Every structure is written in C-alpha cells, then in structure tokens.
Amino acid sequence: MRLALGLLALICSAALAQGGNPERALKTVEICSACHGKDGNAVVPLTPSLASQPETFLVSQMILFREGLRQVPAMAAVFAKISEQDLVDLAAYFSKQTLKPTTAPRDAALFEKGEALSKRGSCGGCHLPDYRGHDQIPRLAGQKEDYLAATMIAYRDNKRSGTDTTMTGILYGIADADIKALAHYLAQQK
C-alpha cells in the first residue's frame, strides 16, 4: 500500500503541474453532475459535494478511483478513460465552485456535542480550524451530513479502501451517536 500511495503522490504531482483549467472542464463536468450537481453541490443522498474541495484532494481521489485503489464501482467506470488533464481540469472547476450551506435546522444539543468531540479529536489540526481542508486533506465544513456520517463509519469500521489509515485509527471505537454528532456539527459549519 505504501508503494501505491507513493506512486499516487507522484502521479498527482505530475498531473497538478500541468495546471487545471476550469473552463476546459465544462466539456466533461456533465459526467459528474447527475450525482454531484453541475456546481458541485451534491443532489443524491450519501454523495459528497465537490464544491470548494481542495484541488489536490480532488485530483488524488479521482486518480484513486481510476486506478482502482479506492473501490467505488460507479466511480471506477466514470474515470476509466479520462485523461490526467481532464482530471486536473475537473478538480480546478469544482474547487472554484461555491459550496451551498445546509438548509437543515441546527440541533443545539447535537451541535454542542459534535463541537466538543471535534475539539477532543483535534479535527482542526489536519482539516484546519475552520474545517476548509487544504492540499490532500478534504474540506469538512458544510459537507453533506449523511455523507460525513457514512464516511466516518466506513473509516471506523476499516471499510474505506485506498486511503491513508489515519482516520481509521482516529475514529476507531467511536460510537455511532458520537459520529452522528460530529457529522451534524461539521455539516453546520460555513
């Protein structure tokens, strides 16, 4: 796995060095829009919003899908024939889109519990204090609550393949109720 991640870093760096063009992505963005929304704000349950995600993070995830290192059959099929330049262009496009804030009401008790758990887990240490992410670290602020919860459970249960094991270790043993609170808190961030 270490070799695969090293190769991913090399491929990702080479792809990003080419530079992304959001305008050029308009020819391929339609392949993403049915689930993730044309503006990167997901329209399908349990699907992440791509708007405002860090460009490097987006490129690395698309390469993981394409190379079969992250097992999501629907995504592997989408990226099977997409060039490095198209990946970089798509990442540039979605990283520049504005993430729409949640319209779900805030549950004060759940929010407070999630805030305390986030501080205790030092989530802002990697994802930044405002949870906007950077480089290969994803934005959590404003992400869809259902997706955040499902993803954290997958990490906790060691079912998220093709990624660094840091989150698996951090979330190991965390109760579903705590994950629900964390997801609610992070989804409510702007």
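Contact here means heavy atoms within 4.5 Å. The model shown in all views is predicted.

**View A. Pro48 in the loop between helices H3 and H4.** Pro48 belongs to the loop that runs between helix H3 (30–36) and helix H4 (55–66). Setting aside neighbours within four places in sequence, the residues in contact with Pro48 are His36, Ala42, Gln143 and Tyr147. One of these, Tyr147, is 99 residues away from Pro48 in sequence, yet the two C-alpha atoms are 5.9 Å apart in space. Pro48 has a relative accessibility of 17% and therefore counts as buried, the limit being under 20%.

**View B. The two domains of the chain.** The protein chain is divided into domain 1 (2–95) and domain 2 (108–187). Their C-alpha centres lie 21 Å apart. Across the boundary, 18 residues of domain 1 are in contact with 17 residues of domain 2.

**View C. Packing of helix H4 on helix H6.** The axes of H4 and helix H6 (residues 84–95) come within 8 Å and cross at roughly 140°. That angle makes H4 oblique to H6. The crossing of H4 past H6 is right-handed. On the H4 side, the residues that meet H6 are Glu55, Leu58, Val59, Met62, Ile63 and Arg66. On the H6 side, they are Glu84, Leu87, Val88, Leu90, Ala91, Ala92, Phe94 and Ser95. Sorted by class, the contact of H4 with H6 has ten nonpolar, one polar and three charged residues.

**View D. Packing of helix H9 on helix H11.** H9 (145–156) and helix H11 (residues 176–187) have axes that come within 8 Å and cross at roughly 140°. H9 and H11 are therefore oblique to each other, and their crossing is right-handed. H9 contributes Glu145, Leu148, Ala149, Met152, Ile153 and Arg156 to the contact. H11 contributes Asp176, Ile179, Lys180, Leu182, Ala183, His184, Leu186 and Ala187. The residues of the contact of H9 with H11 comprise nine nonpolar, one polar and four charged.

**View E. Packing of helix H7 on helix H11.** The axes of H7 and H11 are 7 Å apart, and the two helices pack at an angle of about 95°. H7 is therefore roughly perpendicular to H11, as angles of 65 to 115 degrees count as such. From H7, the contact is made by Leu110, Phe111, Lys113, Gly114, Glu115, Leu117 and Ser118. From H11, it is made by Ala177, Asp178, Lys180, Ala181, Leu182, His184 and Tyr185. By class, the residues of the contact of H7 with H11 are seven nonpolar, three polar and four charged.

**View F. Ser122 and Cys123, from the H7–H8 loop into helix H8.** Ser122 is placed in the loop between helix H7 (108–120) and helix H8 (123–127). Its phi is near 55°, a positive value in a residue other than glycine. With a relative accessibility of 49%, Ser122 counts as partly exposed. Cys123 is found in helix H8. Cys123 has a relative accessible area of 17% and is buried. Neighbours within four places in sequence aside, Cys123 is in contact with Ser118, Leu128, Tyr131 and Leu182. Cys123 and Leu182 are 59 residues apart along the chain, and their C-alpha atoms are separated by 9.9 Å. Leu182 of H11 also takes part in the contact with H7 and in the contact with H9.

**View G. Tyr131 in the loop between H8 and H9.** Tyr131 lies in the loop between H8 and helix H9 (145–156). Tyr131 is not a glycine, but its phi is positive, at about 65°. Tyr131 is buried, with a relative accessible area of 6%. Tyr131 is one of the residues in contact with Cys123.

**View H. Met167 in helix H10.** Met167 is part of helix H10 (residues 166–171). Its relative accessible area is 24%, and Met167 is partly exposed. Apart from neighbours within four places in sequence, Met167 is in contact with His127 and Tyr155. Met167 and Tyr155 are twelve residues apart along the chain, with their C-alpha atoms separated by 6.1 Å.

Definitions and conventions
Residues numbered from 1 in each chain as written. Predicted model: local features only at pLDDT ≥ 70, side-chain atom pairs only at ≥ 80, totals over all residues. Heavy atoms only, no water. Helix = DSSP H or I, 4+ residues; strand = E, 2+ residues; numbered from the N terminus. Buried < 20%, exposed > 50% of the residue type's maximum accessible area, 1.4 Å probe, protein only. Axes fitted to C-alpha atoms, helices over the stretch in contact; angles between N-to-C directions. Parallel < 35°, antiparallel > 145°, perpendicular 65-115°, else oblique. Left-handed = near helix turned anticlockwise from the far one by under 90°. Nonpolar A, V, L, I, M, F, W, Y, C, P; charged D, E, K, R; others polar. Domains from an automatic or database assignment.
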